[in-house]
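Here is my note on this entry. Please read it with the viewer open.

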Amino acid sequence: MFLPDNMRNTSQEEQAEGRRKKAYSQIEKWALELIPENIRDGVQLSVQEIQCGDPECAPIDTAIAILFPSGGRGMMGLPLEAHEVTKELLQENFPYEEILVKWSKGEDADWPPLEAMMDQLPSLRFDVGQRVECRIGPDEVTGWAKGTITQLWYREQGWAEGSFAPYKIRLDDGRDIFAPGDVDMVIRAEK
C-alpha cells in the first residue's frame, strides 16, 4: 500500500513522542527530589531534548532548566536522549547544593563548574592583558577596534551548557565585547 509521506510512520512517531514525554516527566520528578527542601517550593522544571549539530558532541542532549520563584535559574544537560537518563546518572551529574542555593537567590554560578571544564578546553593564541584588534564591523579594513584581553573562556548566564567565547575584550573606547572564535578574521594581534 502506498501512503503519502505525511501519513507514514505516524504510529512510530507517536510512540516515540509518548516515550519522550514520559521520560521528561520522570526526569522532572527525580530532579525535584534532588533540590533541597528549603529551596524546592515553587520551583519549575523544564526538560527537553536538544539536537546538537557539533560532531564533537552527542547527537541529542537532554537539557534540564531549573527556574526558581525568585527569578533565579540554572541549567544542566546530559549527553543522552531523555529515555536513556537514569536516576543514578541524574544524581551523579546534578548541580551541588551550593550551586542550587546560588541559583535560587538569582546569583550566577557555573554548572558544571568552570574549573572542571578548563582541562578540556583547547589552548588559545592570546593571554589576558595582551593587546588585540577585534572585528566589530562589516568592512574588512575599517571594521576593527583595538582593545585588551580581560578574560579567557568567557561565558554568559543563559548560554547553553559548555558554550564559551574564547575571549572577553575591553575595547579602548570602554566597551566590553567577546570574540566568538579564536581566528584572525575575528580577533588578531594589534598591529
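Predicted model: local features only at pLDDT ≥ 70, side-chain atom pairs only at ≥ 80, totals over all residues.

The points below cover a sheet, a hairpin and some ring contacts.

1. Sheet layout. Three strands form an open sheet in the order β1-β2-β3, with antiparallel pairing. β1 (44–51) and β3 stand at the edges. Each has a single partner strand, so one side of each lacks a neighbour in the sheet. Neighbouring strands are turned by 20° against each other on average, direction ignored.

2. β1 and β2 run antiparallel and are joined by 8 bridges. Leu45 stands opposite Ile66 in β2. Helix α1 (residues 10–34) packs on the sheet and touches β1 and β2. The direction of α1 makes about 135° with that of β1. On the other pairing, 6 bridges join β2 (residues 60–67) to β3, again antiparallel. Here Ile64 has Met76 as its bridge partner in β3.

3. Hairpin. The hairpin of β2 and β3 has 5 residues between the strands. Within the hairpin, Gly71 takes a positive phi near 100°.

4. Aromatic pairs. How many aromatic pairs are there? The count comes to 4. One of them, Phe126 with Tyr167, is tilted, at 5.6 Å centre to centre and 55° between the planes. Phe126 lies in the loop between α5 (114–118) and β4 (131–135), and Tyr167 in strand β6 (residues 165–171), so the pair ties together parts 41 residues apart in sequence. Phe126 is buried, with a relative accessible area of 5%. Tyr167 is buried too, at 0%.

5. An edge-to-face pair. The ring centres of Trp153 and Phe164 lie 6.3 Å apart. Their planes stand at 85°, so the pair is edge-to-face. Trp153 lies in strand β5 (residues 144–154) and Phe164 in the loop between β5 and β6, so this pair ties together parts 11 residues apart in sequence. Trp153 is buried, with a relative accessible area of 11%. Phe164 is buried as well, at 15%.

6. Arginines over rings. Which residue lies over the face of Phe164? Arg155 does, at 5.4 Å from the ring centre. Arg188 lies over the face of Trp144, at 3.7 Å from the ring centre.

Methods. Residues numbered from 1 in each chain as written. Heavy atoms only, no water. Pairing = 2+ DSSP bridges. Helix = DSSP H or I, 4+ residues; strand = E, 2+ residues; numbered from the N terminus. Phe/Tyr/Trp six-rings, centres within 6.5 Å; stacked < 30°, edge-to-face > 60°. Buried < 20%, exposed > 50% of the residue type's maximum accessible area, 1.4 Å probe, protein only. Lys NZ or Arg CZ within 6 Å of the ring centre and 35° of its normal. Axes fitted to C-alpha atoms, helices over the stretch in contact; angles between N-to-C directions. Contact = heavy atoms within 4.5 Å.
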